[in-house]
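This report examines selected local features of a single protein chain. Please consult the sequence and the structure alongside the text.

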Amino acid sequence: MQVEGKAQLIRYTSDPEQTIALAAKLCYSGSEIDELIEKIGEKDNAKFIRILTEMNHFSPFEHASFTFAIEGVSRALLAQITRHRIASFSVRSQRYVNEGDFNYIIPPKIAALGKEAKEKYEAQMAQMLTWYKEWQAQLGEGEGANEDARFVLPNACETKMIVSMNARELMHFFSLRCCNRAQWEIRAIAWQMLEDVLKVAPSVFGRSGPGCLRGPCPEGKKCCKNSDAVREKHDALLRACGIKIE
């Protein structure tokens with residue numbers, strides 16, 4: 001069955017903006033920690049966090065953590081997202097979970113070719129499912145059957161995962177994966193994740209996104225040459241989250 005990708009913020013550090021501000025102010029203050037906590041709790045920390053961002057003082061951002069549930073994505077996406085090594089991943093196992101009726105992702109370019117192309121793709125998925133079940137039957141019972149039968153499963157096979165990143169790594173993630181040059185599936189997931197964190201930590205992530213939001217496109221000759229549309233998309237997201245555009 002065809003599925004679509006979904007990312008949902010399910011857990012995060014309580015008061016992430018205060019946590020970041022506390023960690024940063026501790027670096028420059030001789031006050032006791034309890035006193036700092038009290039002072040920070042009485043203030044709006046948005047301006048201070050903006051200053052930290054402009055100073056490139058990002059180590060305090062590592063104290064705020066965000067956890068997402070991601071589903072309806074392909075094993076191809078899994079190969080990409082796990083390249084972000086400063087993150088934690090728990091992924092549904094193809095060794096222990098029977099993929100006897102696996103869901104799958106249809107790339108938009110294939111779907112755009114029309115009904116005949118889509119039906120051909122679906123038939124190919126059905127054939128791979130048949131091969132998978134045949135190998136399971138020959139390999140017999142036990143986890144070894146799933147473990148080895150999975151080798152005929154496609155990259156399109158759906159997976160689910162829990163992903164945790166700190167704010168600093170998320171900002172880096174958004175700079176790469178919200179870019180138009182990122183692969184379409186992980187790009188869609190990244191924009192969903194950005195929307196979720198903007199709602200709980202707008203001061204932290206208000207300027208997060210592809211590099212063209214903050215200056216010339218860092219992709220150089222490989223630039224998508226559509227930076228204006230990217231900025232419009234980001235502004236629309238900020239407005240949807242009730243965030244003032246500066």
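The model described here is predicted.

**Helices α1 and α3**

Helix α1 spans residues 16-28 and helix α3 spans residues 46-54; their axes come within 10 Å of each other and cross at roughly 60°. The two helices are therefore oblique to each other. Their crossing is left-handed. On the α1 side, the contact is formed by E17, I20, A21, A24 and K25, while α3 contributes F48, I49 and L52. Sorted by class, six of the residues in this contact are nonpolar and two are charged, with no polar residue present.

**Helix α6**

Helix α6 comprises 25 residues, 115-139. From its first C-alpha to its last, α6 reaches 36 Å, close to the 36 Å expected at 1.5 Å a residue. The buried residues in α6 include A117, Y121, M125, L129, Y132 and Q136. In an α-helix, residues three or four places apart point the same way, because there are 3.6 residues a turn. Just after α6, G140 adopts a positive phi of about 85°.

D15 belongs to the loop between β1 (6-12) and α1, whereas K225 is found in the loop between α10 (202-205) and α11 (227-240). D15 is partly exposed, and K225 counts as exposed.

**G209 in the loop between α10 and α11**

The loop between α10 and α11 also holds G209. With a relative accessibility of 0%, G209 counts as buried, since the cut-off for buried is under 20%. Which residues does G209 touch, not counting those up to four places away in sequence? They are F174, S175, C178 and R214. The C-alpha atom of G209 is separated by 7.4 Å from that of C179, and these two residues are 30 residues apart along the chain.

How values were computed: Residues are numbered from 1 along each chain as its sequence is written. This is a predicted model: local features need pLDDT of at least 70, side-chain atom pairs count only at pLDDT 80 or more; totals for chains, interfaces and linings use all residues. Side-chain values use heavy atoms; hydrogens and water are left out. Axes are lines fitted to C-alpha atoms, for helices over the stretch in contact, and angles run from 0 to 180 degrees between N-to-C directions. Helices (H or I, at least four residues) and strands (E, at least two) are DSSP runs, numbered from the N terminus. Angles under 35 degrees count as roughly parallel, over 145 as roughly antiparallel, 65 to 115 as roughly perpendicular and the rest as oblique. A crossing is left-handed if the near helix is turned anticlockwise from the far one by less than a right angle, and right-handed if clockwise. Contact means heavy atoms within 4.5 Å. Ala, Val, Leu, Ile, Met, Phe, Trp, Tyr, Cys and Pro count as nonpolar, Asp, Glu, Lys and Arg as charged, and the others, Gly among them, as polar. The expected span of a helix is 1.5 Å times one less than its number of residues. Buried means under 20% relative accessible area, exposed over 50%, partly exposed in between (1.4 Å probe, protein chains only).
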